[in-house]
Amino acid sequence: MAIVEKVIDAPPQQVFDVLADGWTYSDWVVGTAHVRDVDDAWPRVGSRLHHRAGPWPFSLQDASTVLVCEPPHRLVLRAGLWPAGEAIVAFTLEPVDGGATTRVRLGEDFAAGPLRWVRTKVNDLVLHLRNRETLDRLSDIATRQKGPQ
């Protein structure tokens with residue numbers, strides 16, 4: 001599993017609030033081009049976020065499903081990109097500095113489909129860079145949110 005981490009200058013609940021807003025995923029998840037729909041129950045276990053990923057005209061329509069939701073500390077998704085496959089994506093949020101900031105770990109591993117069998121150092125590097133940029137974007141949005149008053 002490829003894991004990247006970043007300390008975000010916001011408390012865990014503030015960061016989790018961004019994860020819990022499915023409509024923002026195309027703003028911060030690198031590769032997600034458009035969010036088509038979000039189940040009303042998002043991010044409860046079993047709920048789905050319907051997205052389009054990849055560049056037009058080659059983008060693929062699929063959905064991501066919540067496997068684990070433990071606010072404000074953990075969210076695990078099964079991200080679909082068929083026919084390329086699907087990945088398990090895990091966000092772990094840990095309070096640091098007395099809860100004023102959050103260490104976010106993003107782990108991703110292909111779980112099914114052709115991408116599961118095509119592992120190279122180049123693919124791993126691209127996935128690492130993509131996920132690092134994803135956390136940078138998540139940080140930008142989370143630090144702009146209003147904290148507790």
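Reader: Is Phe-91 buried or exposed?
Author: In this predicted model, Phe-91 has a relative accessibility of 3%, so Phe-91 counts as buried, where buried means under 20% relative accessible area, exposed means over 50% and partly exposed is in between, with a 1.4 Å probe and protein chains only. Residues are numbered from 1 along each chain as its sequence is written, and local features need pLDDT of at least 70. Side-chain atom pairs count only at pLDDT 80 or more, while totals for chains, interfaces and linings use all residues, and side-chain values use heavy atoms, with hydrogens and water left out.

Reader: OK, and how many aromatic pairs are there?
Author: The count comes to three aromatic pairs, under a rule that pairs rings of Phe, Tyr and Trp (its six-membered ring) if their centres lie within 6.5 Å, with planes under 30 degrees apart counting as stacked, over 60 as edge-to-face and the rest as tilted. In one of them, the ring centres of Tyr-25 and Trp-42 are 5.7 Å apart and the planes stand at 90°, so this pair is edge-to-face.

Reader: Where do Tyr-25 and Trp-42 lie?
Author: Tyr-25 lies in helix 2 (residues 25-28) and Trp-42 in the loop between strand 2 (32-38) and strand 3 (48-53), so the pair ties together parts that are 17 residues apart in sequence. Helices (H or I, at least four residues) and strands (E, at least two) are DSSP runs, numbered from the N terminus. Both Tyr-25 and Trp-42 are buried.

Reader: Back to Phe-91, what is the geometry with Trp-28?
Author: The rings of Phe-91 and Trp-28 have centres 5.8 Å apart and planes at 70°, which makes the pair edge-to-face. Phe-91 belongs to strand 6 (residues 86-96) and Trp-28 to helix 2, so parts 63 residues apart in sequence are tied together. Trp-28 is buried, at a relative accessible area of 0%.

Reader: And which residues make up the cluster?
Author: Tyr-25, Trp-28, Trp-42 and Phe-91 are linked into a cluster by ring pairs.

Reader: Switching to charges, how many salt bridges does the structure hold?
Author: The structure holds eight salt bridges, each being a side-chain nitrogen of Lys or Arg within 4 Å of a carboxyl oxygen of Asp or Glu. One of them joins the side chains of Arg-105 and Glu-5, at 3.0 Å from N to O, and this pair links distant parts of the chain, with Arg-105 in strand 7 (residues 101-112) and Glu-5 in strand 1 (residues 2-8), 100 residues apart.

Reader: Which network includes Arg-105?
Author: Arg-105 is linked with Glu-5, Glu-94 and Arg-103 in a network of salt bridges. Arg-105 is partly exposed at 29% relative accessible area, and Glu-5 is partly exposed at 46%.

Reader: What about Asp-136, which residue does its side chain meet?
Author: The side chain of Asp-136 meets that of Lys-6 in a salt bridge of 3.1 Å, N to O. Asp-136 lies in helix 4 (residues 121-144) and Lys-6 in strand 1, so the pair ties together parts that are 130 residues apart in sequence.

Reader: Last topic, how many bridges join strand 3 to strand 4?
Author: Six bridges join strand 3 to strand 4 (residues 60-70), and these strands run antiparallel, where two strands pair if DSSP finds at least two bridges between them. His-50 has Ala-63 in strand 4 as its bridge partner. Gly-54 takes a positive phi near 95° in the hairpin of strand 3 and strand 4, which has six residues between the strands.
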